[in-house]
Amino acid sequence: MDLTQLKMFCAVADSGSVVRAAEQLHRVPSNLTTRLRQLEEELGTDLFIREKQRLRLSPMGHNFLCYAQRILALSEEALNMAHGGKPAGNFALGSMESTAATRLPSLLAEFHQRYPAVNFALSTGTSSEIIEKVRAGTLAAALADGPVNADELNSCVAFPEQMVLISSLEHADIVTAADAAGSTLFAFRPGCSYRIRFENWFRNAGVQPGNVMEIQSYHSMLACVACGGGLALLPAAVLAQMPGHERVRQHPLPPEIRDTATLLVWRRDAFTPNVEALKYLIIEQFDEKSSD
């Protein structure tokens with residue numbers, strides 16, 4: 001087993017096609033087919049389910065893919081370290097939707113100016129999803145809401161956040177969770193830390209909300225709330241940037257629900273030059289804003 005075989009395996013797993021993977025790697029398809037068969041023989045198991053027009057990962061292939069991606073990432077990091085430890089190469093970064101919309105544009109623009117040899121690949125998802133990908137090694141780092149409970153992960157505060165509860169303009173005052181009992185909640189899919197925070201607010205108060213309707217964007221969430229469909233909890237920084245934010249009413253929240261932070265998360269054994277550079281750029285930008 002060598003790095004070339006692992007690159008071939010990952011390319012085929014991603015594309016589902018030997019032909020497309022061969023085009024990406026500038027090789028002939030027969031070469032990939034032979035090398036993948038050799039890899040499977042060495043491992044003693046099939047990594048793919050072979051269909052007429054497509055290859056699908058077998059259960060063992062799914063497990064092996066995580067290890068292959070981590071090995072390739074570590075090999076690239078080792079090369080970077082050997083070339084002076086400067087930020088370079090591919091940098092797979094995960095982010096919550098809210099952070100990608102409010103914090104990342106200026107941060108990544110500055111990072112690119114300082115470290116043009118780094119190629120970012122941004123992936124968005126819920127906090128639990130992207131933290132798990134960092135733990136598995138498929139993301140080098142992530143900007144997520146906590147907590148981070150895995151022993152193999154490290155984290156630090158990247159940005160403080162304040163959450164805000166919104167309703168239609170006509171809605172009565174909401175001071176406690178009891179004032180919102182039975183209301184429909186708009187939130188992202190399970191695994192979203194903000195959704196968990198929202199639901200816990202009701203649970204800790206001993207009251208029940210209405211149904212939770214899953215929404216895939218903050219803009220759709222705002223529109224549903226403005227029309228009187230229910231309530232939503234979202235970062236104040238996100239709401240402030242959204243067109244139409246004046247169409248909803250904001251309600252005060254207790255500090256334990258209102259105050260949170262976005263964390264930078266990385267593996268303890270993979271604090272690479274790329275991750276280190278991002279960490280200290282975040283610290284630098286946060287200090288500048290705090291002193292304004």
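A quick definition before the points: Ala, Val, Leu, Ile, Met, Phe, Trp, Tyr, Cys and Pro count as nonpolar, Asp, Glu, Lys and Arg as charged, and the others, Gly among them, as polar. Also keep in mind that this is a predicted model.

1. Start with the second largest pocket, where that definition comes in. By class, its lining holds 5 nonpolar, 6 polar and 4 charged residues. The lining is made up of 15 residues, and Ser128, Asp145, Gly146, Pro147 and Ser193 are the ones nearest the centre. The space inside comes to about 220 Å³.

2. Where does the second largest pocket lie? Domain 2 (77–158 + 260–288) and domain 3 (159–257) both contribute lining residues, so the pocket sits between them. As for the elements involved, H7 and helix H8 (193–205) each give at least two residues to this lining. H7 has the largest share, with 5 residues.

3. Have a look at Pro147 while you are there. Most peptide bonds are trans. Pro147 belongs to the loop between strand E5 (141–145) and E6, and both Gly146 and Pro147 are among the residues nearest the centre of the second largest pocket.

4. Now the largest pocket, with about 1,200 Å³ of space. Its lining counts 40 residues, and those nearest the centre are Gln69, Leu72, Ala73, Asn90 and Thr138. Sorted by class, the lining has 21 nonpolar, 10 polar and 9 charged residues.

5. Which element gives the largest share of the lining of the largest pocket? That is H4, with 12 residues. Several elements each supply at least two lining residues, including helix H1 (3–15), helix H4 (59–82), strand E3 (89–95), helix H7 (127–136) and helix H12 (273–291). In domain terms, at least three lining residues come from each of domain 1 (1–69) and domain 2 (77–158 + 260–288). Note that H7 turns up in the linings of both pockets.

6. On to strand E9 (residues 231–235), which is mostly covered: 5 of its 5 residues are buried. Strand E6 (residues 153–168) runs antiparallel to E9, and 4 bridges join the two. Strand E7 (residues 185–187) pairs with E9 in the parallel sense, over 2 bridges. There, Leu185 has Leu231 of E9 as its bridge partner.

7. What about disulfides? Searching the whole structure turns up 0 of them. Cys192 is in no disulfide, and the nearest cysteine sulfur, that of Cys224, is 16 Å away. Cys192 counts as buried because its relative accessible area is 8%, and buried means under 20%. The sulfur of Cys227 has its closest cysteine sulfur in Cys224, at 7.0 Å, which is too far for a bond, given that a disulfide needs the two sulfur atoms within 2.5 Å. Is Cys227 buried or exposed? Cys227 is exposed, at 66% relative accessible area.

8. Last, a backbone point at His26. Most residues other than glycine have a negative phi. His26 is not a glycine, yet has a positive phi of about 60°. His26 is placed in the loop between H2 and helix H3 (29–43). With a relative accessibility of 74%, His26 counts as exposed, since the cut-off for exposed is over 50%.

Key
Residues are numbered from 1 along each chain as its sequence is written. This is a predicted model: local features need pLDDT of at least 70, side-chain atom pairs count only at pLDDT 80 or more; totals for chains, interfaces and linings use all residues. Side-chain values use heavy atoms; hydrogens and water are left out. On a 1 Å grid over the protein atoms alone, a cavity is a set of points where a 1.4 Å probe fits but cannot get out, and a pocket is an open set with protein on both sides within 12 Å along at least five of seven lines; lining residues have an atom within 4 Å of a point. Grid points are joined across faces, edges and corners, and a volume is the space filled by probe spheres set on the points. Domain bounds come from an automatic or database domain assignment. Buried means under 20% relative accessible area, exposed over 50%, partly exposed in between (1.4 Å probe, protein chains only). Two strands pair if DSSP finds at least two bridges between them.
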